[in-house]
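I opened this entry to record what I looked up on the sheet, the chain contact and the relation between the copies. The structure comes before the notes.

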Protein chains: 2
Amino acid sequence: MNENGVITVVSGFAGTGKGTVMKKLVREYDHYALSVSMTTRDPRPGEVDGREYFFTDEPSFLKAVEEDRLIEHACYCGKYYGTPRDYVDRKLSEGKDVLLEIEIQGALQIKEKFPDAFLIFILPPSSDELVKRLRGRGTETEEQVKNRLKRAGHESEGIEKYDAVVVNDDVSACADAIDLLVRAAKFRPSHNEDFIGSVRNGILSL
Amino acid sequence: MNENGVITVVSGFAGTGKGTVMKKLVREYDHYALSVSMTTRDPRPGEVDGREYFFTDEPSFLKAVEEDRLIEHACYCGKYYGTPRDYVDRKLSEGKDVLLEIEIQGALQIKEKFPDAFLIFILPPSSDELVKRLRGRGTETEEQVKNRLKRAGHESEGIEKYDAVVVNDDVSACADAIDLLVRAAKFRPSHNEDFIGSVRNGILSL
């Protein structure tokens, strides 16, 4: 059976705590590698180039797209975001499960290019809890909270296209559930085509 | 999230040790219920009605089909086999994961009727090992072994329609892998439609 890494895409509404769960996974299990996206948005205070994002300008980003150096990309609020191919390829070949924290538009691009990718959507325990968390951040105006909820409503239409949904009620439990799912994802036929082919051909040639 | 039971279909070539694995699962984990099929074939020595199979005659079997009391059925070598609905329904409502050991024809019927069913195909470690196990049984003629291999070749064409493949190299490891898969199957969107709907409707109504 194929023990190679799985491209694991994690999406979720703003306010579901995706980032915290991803950091916990990478810290507690050594078989994950967290992909760093490229973006044309400005760094926020405390963000480090190459850690949160690879910060770049628009001409360089578009050149990367043209040269097929990004496995997915999308545009939000006039800024570009994308996933560099070289890091993903390298980590997969090292046997790591590569975590991509991207939204639905990019997630579906990944699924199309890599049918073996596994897509996980993180849900809040309830819609009330989501509102509470967004307001509780204290960093956003009521207008911004409303915009995020509007976008969440839109994103929610695509949840059925994911392979799995996980509730983030408790960060540890959520990370453990994702790890269970990634281990299970290695048993999918799409991840074991070579092995299935070898058994099948062996039987047919008898 | 939905903690209800999952209909788990296990298939595999003759000689892969499906039966042993299923018994181990039921013995070691208390959340499984093993479905007993109805058949028109004669009991073999040692088989008990209601344990290995519900033995019946053809008119009774066909009446059960007509009255939609079987969730799948198929015919092999002139004998009918089918899965009674009442046992499956009762065990699922008790929160049990119901194991069905059936072949590909029945498995695909189940998937069509219950999109939430989870289909697992057990593979031998290699085609050579499969031949060795079939011959090693010592109960079959070389002609019967050849027939089983021919059928295995045919069945192997459908493996990609399953949700997962598991190698039975070691019975305990194989049972543990199946248990991992069944636990992971509860996170599929198709198993959590009500919860996803409640979060979505909550957000959209804000």
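**Sheet of chain B**

I started with strand β1 (residues 7-12) of chain B, which pairs with strand β7 (residues 97-101) of chain B in the parallel sense, over four bridges. I looked up one bridge by residue: B:V9 has B:L100 in β7(B) as its partner. I note here that the model is predicted.

I then looked at what packs on the sheet. Helix α1 (residues 18-28) of chain B does, and it touches β1, β2, β7 and β8 (118-123) of chain B. The direction of α1(B) makes about 165 degrees with that of β7(B).

Next I traced the strand order. The sheet is open and has five strands, in the order β2-β7-β1-β8-β9 (chain B), with parallel pairing. At the edges I found β2 (32-34) and β9 (164-167) of chain B, each pairing on one side only. On average, neighbouring strands of this sheet are turned by 30 degrees against each other, direction ignored.

**Contact between the chains**

I looked up the extent of the contact: chain A contributes 35 residues, and chain B contributes 35 residues. On the side of chain B that touches chain A, the elements giving two or more residues are α5 (127-136), α6 (142-155), β9, α7 (171-185) and α8 of chain B. Which element gives the most to this side? I found α8(B), with six residues. By residue class, this side of chain B divides into 24 nonpolar, six polar and five charged.

I took one helix pair across the contact. Helix α5 (residues 127-136) of chain A packs against helix α8 (residues 193-204) of chain B at an angle of about 55 degrees, and their axes are 8 Å apart. From α5(A), the residues A:S127, A:D128 and A:L130 meet B:V199, B:G202 and B:I203 of α8(B). I sorted the residues of this helix contact into three nonpolar, two polar and one charged.

**Relation of the copies**

Notes
Residues are numbered from 1 along each chain as its sequence is written. Chains are lettered from A and ligands numbered from 1 in the order in which they are written. This is a predicted model: local features need pLDDT of at least 70, side-chain atom pairs count only at pLDDT 80 or more; totals for chains, interfaces and linings use all residues. Axes are lines fitted to C-alpha atoms, for helices over the stretch in contact, and angles run from 0 to 180 degrees between N-to-C directions. Two residues are in contact if their C-beta atoms, placed from the backbone, lie within 7 Å. Ala, Val, Leu, Ile, Met, Phe, Trp, Tyr, Cys and Pro count as nonpolar, Asp, Glu, Lys and Arg as charged, and the others, Gly among them, as polar. Two strands pair if DSSP finds at least two bridges between them.
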